[in-house]
Amino acid sequence: YAQRDPEALADLPGVRWVVGNSHKTQIPDIIAEHAAAAGALTPYHGNIHVGDIFAQHEFLSAPVEDSSGDRTRPNLKIQDGCNNRCTFCVIPSVRGRSRSAPLHEVVEQVRQLAAKYREVVLSGINLGRWGRDNGISMRLHDLVRTLLTETSVARLRLSSVEPMDFSNELLELMASEPRIAPHWHAPLQSGSDSVLKRMKRRYRVRHYEDRMQRAYALLPEAAFGADVMVGFPGETDAEFEETRAFIERMPYTYLHVFTYSERPGTPAQDLADHVPMPVRKQRNAVLRELGAAKNMEFRRGLDGKRLSVVTLENERFGLSGNYVKVELHKPYPANEIHEVEIGGVTETGLAESRACAAKDSAFVVL
């Protein structure tokens, strides 16, 4: 927001400075400069520090742990920015070009986190592009393999990865390494080629399906998720039906469904034939219902199986490697990995078998 519309923020009462993403590495200098000039932190209404975000080449990420240190499953951001130009997205104009955290920093941070946490989630604005901007030949699968080799992390989980960045090398590594969570999440946005073209997405339905089917063949019990957008400008009933039918026949286990909303400064805002809001909401409801049905089908198929779960802050719940919340029948300390037997399906997840819970677990990863 500060990068996109600094003047609006500067007009708010009590605002001293507005600092965009282009200048956030300079915040200490900005404070010191103004403090020295004024002798105290007196108000500087409308003092805006925003520049060309595409001139930003430095990767910057906030500390992954909060002050209390009691978080489980920390998210480690290793990539920022995006070089894509999807017509609905404001991210490139406010976060800039793709930038990667240096390899040695990622390894060191994961090493430190592995001493406290069983699972670490790797994240980024466009995670699959890690390494492509720093002049090295390493790709995401190389990084993951390095982390497994050089750190003691018990489980790595990848957040969202663009479909075409799920290379064969990455998928085969995920299938062969039990320390990588079996979890595949790739933004779909639309199951219609004509809509994908208007969105300026860099793949077509057949490309997406190829990557997903390859992943499913290697990881048949993995979580498979997608971001889907409904009501993009010009989306016809027929185009929406293409999306619905594609999702129905693919092995998704959950969906993140979004209703298109206009973003100032994006090309999609100027496209013709905007879909009426009631139609957008109705299409959203259709896909949410479909996603819920597929999730229930997936969870029912896990009944009676053994799953590896990491225990959460609430000591009666864990999260399975394939991204299902499991209700435990006895409390466990947070930040442990246990293998549990599933004994039922709950309203939103799974339940551990009572017979299994009565036994002492021999599967704790210490």
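1. Is Trp184 buried or exposed? Trp184 is buried, since its relative accessible area is 0%, where buried means under 20% relative accessible area, exposed means over 50% and partly exposed lies in between, with a 1.4 Å probe and protein chains only.

2. Some conventions come before the rest: this is a predicted model, in which local features need pLDDT of at least 70 and side-chain atom pairs count only at pLDDT 80 or more, whereas totals for chains, interfaces and linings use all residues. Residues are numbered from 1 along each chain as its sequence is written, and side-chain values use heavy atoms, with hydrogens and water left out.

3. Rings of Phe, Tyr and Trp (for Trp, the six-membered ring) are paired if their centres lie within 6.5 Å, planes under 30 degrees apart being stacked, over 60 edge-to-face and the rest tilted; the count by this rule is 9 aromatic pairs. Phe166 and Trp184 are stacked, because their ring centres are 5.1 Å apart and their planes stand at 25 degrees. This pair joins distant parts of the chain, with Phe166 in the loop between strand 6 (155–158) and helix 6 (168–176) and Trp184 in strand 7 (residues 183–185), 18 residues apart. Phe166 is also buried, at 0% relative accessibility.

4. Trp184 has a further partner in Tyr208, and that pair is edge-to-face because the centres are 5.7 Å apart and the planes at 85 degrees. Tyr208 belongs to helix 8 (residues 205–218), 24 residues from Trp184, and is buried at 0% relative accessibility. Ring pairs link Phe166, Trp184, Tyr203, Tyr208, Tyr216, Phe224 and Phe246 into a cluster.

5. Helices (H or I, at least four residues) and strands (E, at least two) are DSSP runs numbered from the N terminus. In helix 4 (residues 103–114), the buried residues are Val106, Val107, Val110, Leu113 and Ala114. These lie on the same side of helix 4 because they cover an arc of only 130 degrees around the axis, taken from the directions from the axis to the C-beta atoms. The buried residues of helix 4 pack against strand 3 (75–80), strand 5 (119–124) and helix 5 (140–150).

6. On confidence, the chain has a mean pLDDT (the predictor's confidence in each residue, from 0 to 100) of 89, and 89% of its residues reach 70 or more. Over residues 66–70, however, pLDDT is below 50, and this stretch has 4 contacts (heavy atoms within 4.5 Å) beyond near neighbours in sequence.
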